[in-house]
Amino acid sequence: MATKIIFPLDNLDLRVGGRSVFVNQIGYLNAMCDFLGKDQLLLDADLTVLELLNELPSLDPFLVREQLKRHNFTPSDDYFAITPSDTARLEKFAYNEIRELVTLAFQSGAEAGGELVKRMSNAILATNADHRLAPLQMTLGLEGEQFQRGIFSWKGFLYYKWQFLETRPELYKVVAQMQSMKIRGCVDPTVGYLVGTVRGSIKTRIQEAIERAGDILSLYDDGLSGLTKKGNAAEFRRFLLEAPGLFIELGHAMGMISHIVSYWRYQFRPNQTEVTNVEEFLDLLKDFDLGLSPREVR
């Protein structure tokens, strides 16, 4: 994966095309200065932001915000709105996740009926927390910026848990197909050995990524359960405030899991059992294996 920057030839008509550069490709800095007509010293802050974005496995809003905030950049909240399509797909999942908590916050099963739960789940998924969440704010004991940050964290974990549960079954199918894929024709023994070795490494690392993501998500489940089952608001409150630090690790695991599933499905039919180009297949496996390798977070 790489970060590609495109400078459109016509800002009002993107179909015309544009010039592009990858972050850290050969000649990257000279190309940026040329495209923008500025000296490198004047681009220091922008280049730093691009480097930070380039470290991320995806541009999920939760990852981007926390990565930049960890390095003292505070961009506008407008950049972190979830798209309408994602919001629509999340609503049903969020409804079931927060139903018990809404009932607890409003202290009445009748009052916290389906329509109210739906309004509350939509409010949590909105760009910013608003007055509709005041009872939940009181339940959690958070104020001002703390509450906004807590809701952002909650939204992040709802998003990743939903993504995790949706993607995991498909990932297992991809891994099974990857392991059983046969190579047509004569294969150099050394290349065949490498294919087998990398396939084994990918299988192990995917399982580790699933376990890593599951362990982090279980912290969220435990915190929410402690609040709804035991009334322990302090524990869930503490989790929401500390949660942003977990987004980078969780996002890396989920980013690679999603990438492997989507790219594999792009390359191979679900019923495909053979590949003809062993070199390309090996390159693909190596890319997956590298992406799944442990990362050092700056």
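Select α8 (189-230) and α10 (244-267): the crossing of these two helices is left-handed, a term used when the near helix is turned anticlockwise from the far one by less than a right angle (right-handed if clockwise). Helices here are DSSP runs of H or I with at least four residues, and strands are runs of E with at least two, numbered from the N terminus. The contact, meaning heavy atoms within 4.5 Å, is made by I206, A209, I210, R212, A213, I216, L217 and L219 of α8 and by L246, E249, L250, H252, A253, M254, I257 and I260 of α10. The axes of α8 and α10 come within 10 Å and cross at roughly 135°. These axes are lines fitted to C-alpha atoms, for helices over the stretch in contact, with angles running from 0 to 180 degrees between N-to-C directions. The two helices are therefore oblique to each other; angles under 35 degrees count as roughly parallel, over 145 as roughly antiparallel, 65 to 115 as roughly perpendicular and the rest as oblique.

The model is predicted: local features need pLDDT of at least 70, side-chain atom pairs count only at pLDDT 80 or more, and totals for chains, interfaces and linings use all residues. Residues are numbered from 1 along each chain as its sequence is written, and side-chain values use heavy atoms, with hydrogens and water left out.

On α10 the contact involves H252, M256, H259, I260, Y263 and W264, and on α11 F281, L284, F288, G291 and L292.

Next, select α9 (residues 233-242), where A233, F236, F239 and L240 are buried (under 20% relative accessible area with a 1.4 Å probe, protein chains only; exposed is over 50%, partly exposed in between). Viewed down the axis of α9, its buried residues fall within an arc of 130°, so they line one face of the helix; the arc is that of the directions from the helix axis to the C-beta atoms. The buried residues of α9 pack against α6 (134-140), α7 (144-180), α8 and α10.

Finally, centre on V187, in the loop between β3 (182-183) and α8. V187 is partly exposed, with a relative accessible area of 29%. Leaving aside neighbours within four places in sequence, V187 is in contact with G192 and V278. V187 and V278 are 91 residues apart in sequence and 7.6 Å apart in space, C-alpha to C-alpha.
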